[in-house]
Amino acid sequence: MKRFAIIFLALFMSAAVFAQSDLQVLAVVKLNKNESITVKQIRTRVEMYEKQRGAALSVDDRKKVLDALIQEKLVLQAAQKAGITLTDSAVENMFLQQVSQQLLGRTVTQSELEQVVKQQTNLSLDDFMKQQIGMSVAEYKTYLKNQTIVQQYIVSQRENELKSVAATDKEIRSFYELNKSSFVWTDMMKLYLVVVPKADNAETARAKANDLYTKLKEKKLSTNQLTVESKKENSGFQSGEMLINKNQLSAQQLGISYTDLLTLFGNDKDYVSNVSEFDSHFQFYTIIKKYDAKMLGLSDVVQPDSTTTVYDYIRSSLGQQKVMQYFTVAAQEIAEGLDKEENVERKKKDEALTKLLSW
């Protein structure tokens, strides 16, 4: 018992020292207000980068992360001093649009996103985000907010320079030639999806779904009429078009197996699926149109019923890359101009800093 007590005490002391180390202040940014940067903040950011890279960062890399965080806070404080802000609702919309579009191909509410993540991974949305990018939902929302405010500030400071950042015709054509094999249409189809949430009454939702299914199947209601009905207050259902590919991701989006998806692709236009029940809703769909796989040229549209050509898409994509590169350079230049002793107090340096970043 005595030996156990000693071991327990040693573990407790080790944990306490670890927690105390996390609270160590590495720097204070004070351009607009006093804002501390702790070991814990660096650890969180390092873990995010390590998730993205799939490899651990060296101590020298972690020092660069600290410098980057100091620069980020300097520009963020300069932006706040200039009156640039972002509402919580705008941050919520950004988060949901980014994450739900990436996972589901459509924007949903956070509640719906949490349900889908739970169904597909058996993880909470918080744990899923930590697993994927090393940040909780709240931490990632703060990260998104700060990055957006910094970008808006740079736009306000470098508007004329940003207007000249664009992809050239030569860059566009060169990019296409290097990546030609990736510009393809896989086999695709356009579906019209009808979703009836269970809410507090599953049987009422079931009856609603079956009624809508029958009316669509018997052509008593068209998809256009269903769209109009779904937009009415308290309609009890959502509906709309979605483009799906013949791949595993589309199967997940529909909540079916890949084998069932292949069977679905074997059906013709106007096919109406049976009503399927899920934990949170009922759904069914009809095939509006089918598209065969093909290679795309620069003048082809990137997806059915779109007006955006491959050329336009590459121009936009390369342009965004160049803008983001410009943001990075501009933020660093602005931060370097603000990184003075009166604005930044570095609490830990040299060996003391190395020790704290060597976890």
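Predicted model: local features only at pLDDT ≥ 70, side-chain atom pairs only at ≥ 80, totals over all residues.

Biologist: Which strands pair with strand 7, and in which sense?

Modeller: Two strands count as paired if at least two bridges are found between them. Strand 4 (residues 188–197) pairs with strand 7 in the antiparallel sense over 10 bridges. Within this pairing, tyrosine 192 has threonine 286 as its bridge partner. Strand 6 (residues 276–277) also pairs with strand 7 in the antiparallel sense, over 2 bridges. There, serine 276 is bridged to glutamine 283. Strands 6 and 7 form a hairpin, with 3 residues between them.

Biologist: How many residues of strand 7 are buried?

Modeller: Strand 7 spans residues 281–291 and is mostly covered, with 8 of its 11 residues buried.

Biologist: Which residues touch the most other members of the largest nonpolar core?

Modeller: In soluble globular proteins, nonpolar side chains tend to be buried together. Here the largest nonpolar core has 38 residues, and Leu26, Ile42 and Ile70 touch the most other members. Among the elements that give two or more residues to this core are strand 1 (25–29), helix 2 (39–53) and helix 14 (310–338). Helix 3 provides the largest share, 9 residues. Another core, of 17 residues, lies apart from this one and includes Leu113, Val116, Leu125 and Leu144.

Biologist: What is isoleucine 42 in contact with, leaving aside its neighbours within four places in sequence?

Modeller: The contacts of isoleucine 42 beyond those neighbours include Leu26, Arg62, Leu66, Leu357 and Trp359.

How values were computed: Residues numbered from 1 in each chain as written. Heavy atoms only, no water. Buried < 20%, exposed > 50% of the residue type's maximum accessible area, 1.4 Å probe, protein only. Helix = DSSP H or I, 4+ residues; strand = E, 2+ residues; numbered from the N terminus. Core = buried A, V, L, I, M, F, W, Y, C linked by side-chain atoms within 4.5 Å. Contact = heavy atoms within 4.5 Å.
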